[in-house]
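Work through the two exercises below with the sequence and the coordinates at hand. Each task is followed by its solution.

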Amino acid sequence: MKYIVLLGDGMADYPIPSLGNRTPLQYASTPNMDKLAEVSQLGMVTTVPAGFSPGSDVANLSVIGYDPKTYYTGRSPLEAISMGIDLLPGDISFRCNLVTLSDEENYQDKRMLDYCAGEISSEEAAELIKTINETLAPEGINFYPGISYRHLMVWHNGTGEQHCTPPHDIADKTIGNYLPQGNGSEELLNMMLNSNKLIEEHPINLLRKERGKNPANSIWLWGQGTKPKMPAFKDVYGVEGAMISAVDLTKGIAQAVGLQVVDVHGATGNIHTNFTGKAKAALKILSEGSDFVYLHIEAPDEAGHQGDLETKIQAIEAIDRLVLGEIISGMKELDDYKLVVLPDHPTPISLRTHTAEPVPFMLFNSAAIKNGPRIFHEKSALAANFHIDQGPDLMKLFLR
Ligand SMILES: O=C(O)[C@@H](CO)OP(=O)(O)O
């Protein structure tokens with residue numbers, strides 16, 4: 001038996017008036033999901049435990065079968081693992097976004113125009129992060145470049161007690177009310193403010209502005225924590241396997257639990273990603289002997305944060321056609337298999353950020369066909385009247 005998790009990040013949503021009160025998942029053309037739904041178990045699963053912020057960190061941990069209540073220490077330390085940064089005891093790792101702020105004089109009065117600085121390229125970003133590291137980082141603090149707008153800062157023997165806000169939660173809002181607060185926030189705030197003065201007129205940003213692109217004119221620190229410790233997936237669930245993803249968060253979770261990370265050429269973490277390449281890579285891994293693949297697609301979530309309905313629908317349709325379609329036809333040549341399709345959390349277009357509500361899932365077992373509802377979306381999954389309250393129980397059910 002082979003096991004495939006197909007996770008469309010942020011795929012769930014609310015009914016949208018311009019779609020005739022249907023959700024993007026309901027509206028999108030998804031023949032493969034719908035065909036599979038006819039023979040699958042549908043249900044809802046709570047991936048964000050009460051009291052936790054509905055981040056992809058918490059939600060993906062749940063889906064992969066690790067209870068955030070036991071294992072979650074913050075988002076950035078998971079990304080640090082994937083970036084090859086070994087956190088020592090006492091190190092606090094922070095996510096460091098490159099963002100676009102508006103140009104009011106006072107830092108506090110500026111608005112969060114773009115949490116991802118126009119999806120800045122990794123090459124441009126690396127230069128800005130290098131400048132920040134060399135000019136701004138005080139003794140005991142290091143900045144590390146990552147992919148596009150996602151970077152990292154490590155505060156050696158620092159404190160992680162601050163209350164920080166993800167920048168994708170405050171689209172277009174004045175940042176004054178969302179700056180870091182609490183013990184250790186002054187140091188963070190100083191670096192954020194000084195980064196704005198330092199890189200606003202950096203040649204890279206001047207060129208970006210000239211080309212009509214959003215400048216990366218500040219850092220934004222959040223998602224802090226210490227190195228997590230998690231038991232190996234094989235020891236907990238008895239199978240070995242791999243993660244396919246474009247983003248360091250899910251790759252870091254995989255590494256933390258001993259899953260292999262498989263990089264796919266052209267995997268970008270947005271609508272331009274190599275959907276087919278990811279599906280083909282999953283099939284290759286399974287055909288070469290692995291039993292488990294977690295295939296993570298970031299594109300619907302990014303479209304959700306950007307409030308881009310058309311792209312969100314496109315992403316869902318690409319997942320259906322280029323990923324699920326490819327997997328269903330490829331698996332005919334392989335073993336019996338189980339496949340679960342789900343989002344980690346909703347990223348409603350109307351909110352442009354995540355919510356903690358339960359998400360729909362569809363569980364197919366080629367060796368035990370079920371007769372279920374005809375289509376897969378939030379409403380049909382809810383109507384199936386099967387609810388998993390503790391996210392990690394889905395993995396237990398899946399691998400049973
Ligand atoms: O990486 C990030 O900064 C966020 C937003 O893109 O990702 P996610 O919404 O999946 O947490």
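Residues are numbered from 1 along each chain as its sequence is written. The model is predicted: local features need pLDDT of at least 70, side-chain atom pairs count only at pLDDT 80 or more, and totals for chains, interfaces and linings use all residues.

**Exercise 1.** Describe the overall build of the protein chain.

Step 1. Count the elements, taking helices (H or I, at least four residues) and strands (E, at least two) as DSSP runs numbered from the N terminus. The protein chain has 15 helices and 13 strands.

Step 2. The C-alpha trace spans about 60 × 50 × 35 Å along its principal axes.

Step 3. Of the 400 residues, 52% are buried.

**Exercise 2.** Characterise how helix H3 packs against helix H10.

Step 1. The axes of H3 (residues 56-64) and H10 (residues 248-256) come within 10 Å and cross at roughly 40 degrees.

Step 2. List the contacts, defined by C-beta atoms within 7 Å, again placed from the backbone. Ser56, Asp57, Asn60, Leu61 and Ile64 of H3 meet Leu249, Thr250 and Ile253 of H10.

Key
Buried ≥ 20, exposed ≤ 12 C-beta atoms within 10 Å, placed from the backbone. Axes fitted to C-alpha atoms, helices over the stretch in contact; angles between N-to-C directions. Contact = placed C-beta atoms within 7 Å.
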